[in-house]
Amino acid sequence: MIVRQHALQIAAVVRRDMEGIRRVSVVRTDGRPFFDDPGDTGEDSEAVAAAVAATVSYARRTGTALATGAIDALTIRGREATVVAQPLDDLHVLVVTCGPDVNLVLLGRVLARITATHGPSA
């Protein structure tokens, strides 16, 4: 189970281990915000949570339809930023917004370590 203190620790680890992080959020899969460390990105945390929850839900349905199994992470790349969303457990999704030039392989390793520590099997 993820609590606010876990989310604070997660945000601190991501920001410590990666350069170029703009925002770290943990959102609930029902579309409600749980924790938001917006950094220099000012979007409303409720809008972010709703958009991420809908996207993750759609990705899960797509994965089921294509028989790809559970999703590990979603990456949305744009010209000005990249967003990575990774389920933490059945109720929470970790969302990291970073610059477009961030090393996504390294970020994936950091997020995998976090998931191993705070995820459903931890």
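Modeller: I76 lies in strand 3, where a strand is a DSSP run of E of at least two residues and a helix a run of H or I of at least four, both numbered from the N terminus. The model is a predicted one, so that local features need pLDDT of at least 70 and side-chain atom pairs count only at pLDDT 80 or more, whereas totals for chains, interfaces and linings use all residues. Residues are numbered from 1 along each chain as its sequence is written, and side-chain values use heavy atoms, with hydrogens and water left out.

Leaving aside residues up to four places away in sequence, I76 touches T55, A81, T82 and V83, a contact being heavy atoms within 4.5 Å. From I76 to L111 the separation is 35 residues in sequence and 15 Å in space, C-alpha to C-alpha.

The sheet itself is open and has five strands in the order 2-1-5-4-3, with antiparallel pairing; two strands pair if DSSP finds at least two bridges between them. Strand 3 (74-77) is an edge strand, as is strand 2 (33-37), and each of these pairs on one side only. From one strand to the next, the twist averages 15°, with axes fitted as lines to C-alpha atoms, for helices over the stretch in contact, and angles running from 0 to 180 degrees between N-to-C directions. Helix 3 (residues 104-118) packs on this sheet and touches strand 1, strand 3, strand 4 (82-87) and strand 5, its direction making about 25° with that of strand 4.

Strand 1 has six of its eight residues buried, so this strand is largely enclosed by the rest of the structure. Four bridges join strand 1 to strand 2, and the two run antiparallel; they form a hairpin with four residues between them, in whose turn G31 has a positive phi of about 95°. In this pairing V27 stands opposite P33, and the partner of S25 in strand 2 is D36. Strand 1 is also joined by seven bridges to strand 5 (residues 92-98), again antiparallel, and there S25 has V95 as its bridge partner, while R23 has T97.

R23, which belongs to strand 1 (residues 21-28), counts as buried at 3% relative accessibility. The side chains of R23 and S25 are joined by a polar contact of 3.5 Å, that is, a pair of N or O atoms within 3.5 Å of which, within protein, one must be able to donate a hydrogen and the other to accept it, residues adjacent in sequence counting only if both atoms are side-chain atoms.

The largest nonpolar core has 20 residues, of which V14, I21, L94, L107, L111 and I114 touch the most other members. Helix 1 (4-17), strand 1, strand 5 and helix 3 each supply at least two residues of this core. Such a core is a set of buried Ala, Val, Leu, Ile, Met, Phe, Trp, Tyr and Cys residues joined through side-chain atoms within 4.5 Å. Beyond four places in sequence, the residues that L94 touches include I10, V24, V84, L111 and I114. A second, separate core of 11 residues includes A49, V52, A59 and L74.

Taken as a whole, the protein has three helices and five strands, which run α-β-β-α-β-β-β-α from the N terminus on. Its radius of gyration, over C-alpha atoms, is 13 Å, close to the 14 Å that the globule rule (2.2 Å times the number of residues to the power 0.38) gives for 122 residues, so the protein is as compact as a globular protein of that length. Buried residues make up 38% of the 122. Among contacts between residues at least 6 apart in sequence, 49% join residues at least 24 apart.

Notes: Buried < 20%, exposed > 50% of the residue type's maximum accessible area, 1.4 Å probe, protein only.
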